[in-house]
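Biologist: I should like to go through this structure term by term. Please set each value against its definition before you conclude.

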Amino acid sequence: MSSVLSMCVRASHGLLRLKSGATGASTPAMVEIIRTLYTNKPAGGEAGGLAQDILQKRLQQQQSQGQPPPEGQQSEKDGEQEDQKWKEHMAYAKKIALGLAGVMGLCGAVGVVYVFGSNSVDEEGKRIPDEFDKEFPVVRHFKRTYKYFKDYKQMINEPTSPKLLPDPLKEPYYQPPYTLVLELMDVLLHPEWSMSTGWRFKKRPGIDYLFQQLAPLYEIVIFTDETGITAYPLIDSIDPQGFIMYRLFRDATHYMEGHHVKDVSCLNRDTSKVILVDCKREAFQLQPFNGMALKKWDGNSDDRTLYDLTNFLKTIALSGVEDVRAVLENYALEDDPIEAFKHRQAQLAQEEEHRLAELSLQKKGGLPLGSITSRFWHSKQQ
């Protein structure tokens, strides 16, 4: 009986403390009371059960009245609230950023329309009238802007002129019978970059030999997809003697499917006498039989391609070929047309040796049977 009384006294003290609303101590007091009731349950059990019911009701009332939950649950709830606040702040910041971007884009668009939609001015600053002056002010600005960007796109995609070269020279001036169009990068020069020197351009072996040997036979033109600012000083550096007659740059190309295409028909020359040398087949896709696709030079100092190319082009010119496309068509499918030319030259030289040997035997008194048979078999294979 004494234990029941002591438990009731302790429970009453705990309830008084809970009722008084002492924060920080209410939750531990309730936990201690419940633990005491469960661990020191008296033999009779009725008083302990009554006290337990009272305490459970008190706990339910306090939770319904908004009393704070235990510490673990409180920290978890605080974390969820902080995450929710952070998401709200981020969403607000995104809205502000999108709004600012929209305002800046609108201002930029208005500025573009105002600048490019205004009338052009002459050297004295006077406005030049055009066909849009009779339109409503806003409409005229939009139309001028549209026309400007349309012309700019056409300038990029199309050559600057239908005649990229002037008319051929007439007597008493000398006009070479053929035209040789050369790419600059990876055909004559190789770009190299390093931390110490930056960009440098290596000169391919055989450039001087090519210019000296072909200048009397070919009108030499540099046609590159580089810009004039980049290519002009490089051309000066590789041609101090002035063998190159004309220079064409990126603005003279067609821009087609991501490639700068060189249109031979725009050169103002007889296309049957034009040879275009590049390392990309896409560069002469409009006239595939006017071009030769060399292998891209990797900067090797032992390269001999330009010497072999010179011999090939000299052979064409000295042979007086009427239409170079008939010759270049035979090399159109070759991965390395220069190597194919050398191989065919070796075969021709070997055949010439056989012919001369047979002529010498004929002069001495006739051909042996084996020589006649081999000659017949060789002609049958061809």
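Modeller: Let us begin with burial: a residue is buried under 20% relative accessible area, exposed over 50%, and partly exposed in between, with a 1.4 Å probe and protein chains only as cover. The model is a predicted one, in which local features need pLDDT of at least 70 and side-chain atom pairs count only at pLDDT 80 or more, while totals for chains, interfaces and linings use all residues. Residues are numbered from 1 along each chain as its sequence is written, and side-chain values use heavy atoms, with hydrogens and water left out.

Biologist: Why does Phe-136 count as exposed?

Modeller: The relative accessibility of Phe-136 is 56%. Exposed means over 50%, so Phe-136 counts as exposed. Phe-136 lies in the loop between α4 (71-116) and α5 (137-157); helices (H or I, at least four residues) and strands (E, at least two) are DSSP runs, numbered from the N terminus.

Biologist: What makes Phe-136, Val-138, Val-139 and Phe-142 a nonpolar patch?

Modeller: A patch is made of residues with over 30% relative accessible area and no salt bridge; nonpolar side chains (Val, Leu, Ile, Met, Phe, Trp, Tyr) are joined within 5 Å, and like charges within 9 Å. Phe-136, Val-138, Val-139 and Phe-142 form such a patch on the surface, with about 390 Å² of accessible area together. Accessible areas come from the Shrake-Rupley method with a 1.4 Å probe, and for residues only the protein chains shown count as cover.

Biologist: Why are the buried residues of α7 said to line one face of the helix?

Modeller: In helix α7 (residues 228-238), Ala-231, Leu-234, Ile-235 and Ile-238 are buried. Seen down the axis of α7, these buried residues fall within an arc of 105 degrees, so they line one face of the helix. The arc is that of the directions from the helix axis to the C-beta atoms.

Biologist: Which elements do the buried residues of α7 pack against?

Modeller: They pack against β2, β3 (198-203), α6 (207-214), β4 (218-223) and β5 (246-248). A contact here means heavy atoms within 4.5 Å.

Biologist: How do you know that the span of helix α8 agrees with its number of residues?

Modeller: The expected span is 1.5 Å times one less than the number of residues. For the 14 residues of α8 (residues 305-318) this should give 20 Å, and the end C-alpha atoms are 20 Å apart, which agrees. Among the buried residues of α8 are Leu-306, Leu-309, Phe-312 and Leu-313. Just after α8, Gly-320 takes a positive phi of about 65 degrees.

Biologist: What makes the pair Asp-225 and Lys-280 a salt bridge?

Modeller: A salt bridge is a side-chain nitrogen of Lys or Arg within 4 Å of a carboxyl oxygen of Asp or Glu. The side chains of Asp-225 and Lys-280 meet at 3.0 Å, N to O, in a salt bridge. Asp-225 lies in the loop between β4 and α7 and Lys-280 in the loop between β8 and β9 (291-293), so the pair ties together parts that are 55 residues apart in sequence. At 12% relative accessibility, Asp-225 counts as buried, whereas Lys-280, at 37%, counts as partly exposed.

Biologist: How do you know that Asp-236 and Arg-247 also meet in a salt bridge?

Modeller: Their side chains are 2.7 Å apart, N to O, and the rule asks for within 4 Å. Asp-236 lies in helix α7 and Arg-247 in strand β5, so the pair ties together parts that are 11 residues apart in sequence. Asp-236 is partly exposed, with a relative accessible area of 38%, and Arg-247 is partly exposed at 23%. By this rule the count comes to 13 salt bridges.

Biologist: What share of the protein is buried?

Modeller: Buried residues make up 31% of the 382 residues. The secondary structure comes to 11 helices and 9 strands.
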